[in-house]
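Dear colleague,

Please find the structure below, followed by an account of what was found in it.

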Amino acid sequence: MSTRIAFLKGHGTENDFVIVPDPENAVDLPPAAVAALCDRRAGIGGDGLLHVVRSAAHPEARHLAAEAEWFMDYRNGDGSIAEMCGNGVRVFARYLQHAGYATEGDLAVATRGGVKSVHLAKAASHAGSAAGDITVGMGRAVLPEGDVTVSVGERDWPARNVNMGNPHAVAFVADLAHAGDLRSPPPFQPAAAYPDGVNVEFVADRGPGHVAMRVHERGVGETRSCGTGACAVAVAAARRDGADPAVTGAPATYRVDLPGGTLVITERPDGEIEMTGPAVIVAEGEIDAEWLAGAAG
Ligand SMILES: N[C@@H](CCC[C@H](N)C(=O)O)C(=O)O
C-alpha cells in the first residue's frame, strides 16, 4: 500500500488553496509537485498551496522561530514561490485553529515577507469554529517611485507601483470589463519596474471608501480574490483620494469588493495595514504519495 500525505482544501474570498500540513518539513514539494496538486482537472485544484511547517524546521524561517512558531511556505499554482499571500495567511491561521494549534485571539505567522500578526475573532456560539473573520497585520506598503503603464489590447493606463512584500501594479479603470478576459498577464512598461513579474489589479470606484477590483496574479492567472492586491489597491486609492493617513493623521479604510467576496482594508497613520476577511476550510483527505512522485516527474 502506498504512503499517504494529508491535505486540506480551503479558501479566503474564493482564493483557494491546497493545504499540506508538514510540521517537520518532511514532504518534498518541488515546483512540479505543487503544480500537479493545484491542477484543477488532474489534481486537487487551487490557486496556490500552503505548506504548513514549523519555523524551526524550515531553512528559510529558522531565524524567525522565536517570534512565530509556524511558517507559511506559500507557493503559486504554477509552482513558483511568492513572498506573501494575504488570503493565504488567513486560511493558514484557520487551518492552525482547525487542527488545534491555535485558538481565538492573537497569533504570529512567519512568511517570506516577514512575521504577520493574525487575530482570530471569537465565533458566535452557533456558528462553529470555522466561522468569524480573521484580521491580519499586513505590515507597511512600499511605493517605489517611477511611472508604470499597464495595457490590455488597445487600452493602457498609468499604474501605481505598490509593494506589499510582493509586487503589484494598480490601475484605476472606468469599467472592470476593460480588463478583458485576463487569460494572459497584462503587459507593463517599463520592464525594469518588475524584474520578477507582477500582480496586476484593475480597480473601479463604487462610492466613497468603496472600490471593486479584478486581479491577474503572477504565477496563477485571474483569481477571484487577492489579499495583498486588495491592500495595494486600498493604499493606491488613499493616495489618489488625498487620504494618505501619514498626511491626514487619520486611518483610511476601504471596502474592496472582489469577484469572490469583500475585504476591508485599513491603513493607519503609522503606515501599518490591517486586512479583515473570511477564511474557510472546506475538505480534508489524503494524497497518494506515489501519484505525487510520478506527477512531479
Ligand atoms: N493570492 C495572494 C497572492 C499570492 C502571490 C502572488 N500570486 C505573487 O506571485 O506575488 C494574496 O491573497 O495575497
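Asn-87 belongs to helix H2 (helices are DSSP runs of H or I with at least four residues, strands are runs of E with at least two, and both are numbered from the N terminus). Leaving out residues up to four places away in sequence, Asn-87 touches Gly-12, Thr-13, Asn-15, Ser-225, Cys-226 and Gly-227, where contact requires C-beta atoms, placed from the backbone, within 7 Å.

The model is predicted: local features need pLDDT of at least 70, side-chain atom pairs count only at pLDDT 80 or more, and totals for chains, interfaces and linings use all residues. Residues are numbered from 1 along each chain as its sequence is written.

The ligand is surrounded by 19 residues, and the closest are Ala-82, Asn-87, Asn-166, Gly-227 and Thr-228; a residue is near the ligand if its C-beta atom, placed from the backbone, lies within 6 Å of it. Helix H2 (86-98) and H3 each supply at least two residues of this shell. Domain 1 (4-133 + 279-295) and domain 2 (148-275) each give at least three residues to the shell, the bounds being those of an automatic or database domain assignment.

UniProt, in an unreviewed entry, places the feature "binding site" at ten positions listed there, including Asn-76, Asn-87 and Arg-218; such annotations may be inferred rather than shown by experiment. Asn-76 lies in strand S4 and is buried, with 23 other C-beta atoms within 10 Å. Beyond four places in sequence, Asn-76 touches Gly-48, Ala-82, Arg-218, Gly-219 and Val-220.

The centres of the two domains, taken over C-alpha atoms, are separated by 24 Å. Their contact takes 18 residues from domain 1 and 19 residues from domain 2.

The largest nonpolar core has 83 residues, of which Ala-93, Ala-230, Cys-231 and Val-233 touch the most other members; such a core is a set of buried Ala, Val, Leu, Ile, Met, Phe, Trp, Tyr and Cys residues joined through C-beta atoms within 7 Å. Helix H3 (residues 227-240) contributes the largest share, 9 residues.

Yours sincerely

How values were computed. Buried ≥ 20, exposed ≤ 12 C-beta atoms within 10 Å, placed from the backbone. Contact = placed C-beta atoms within 7 Å.
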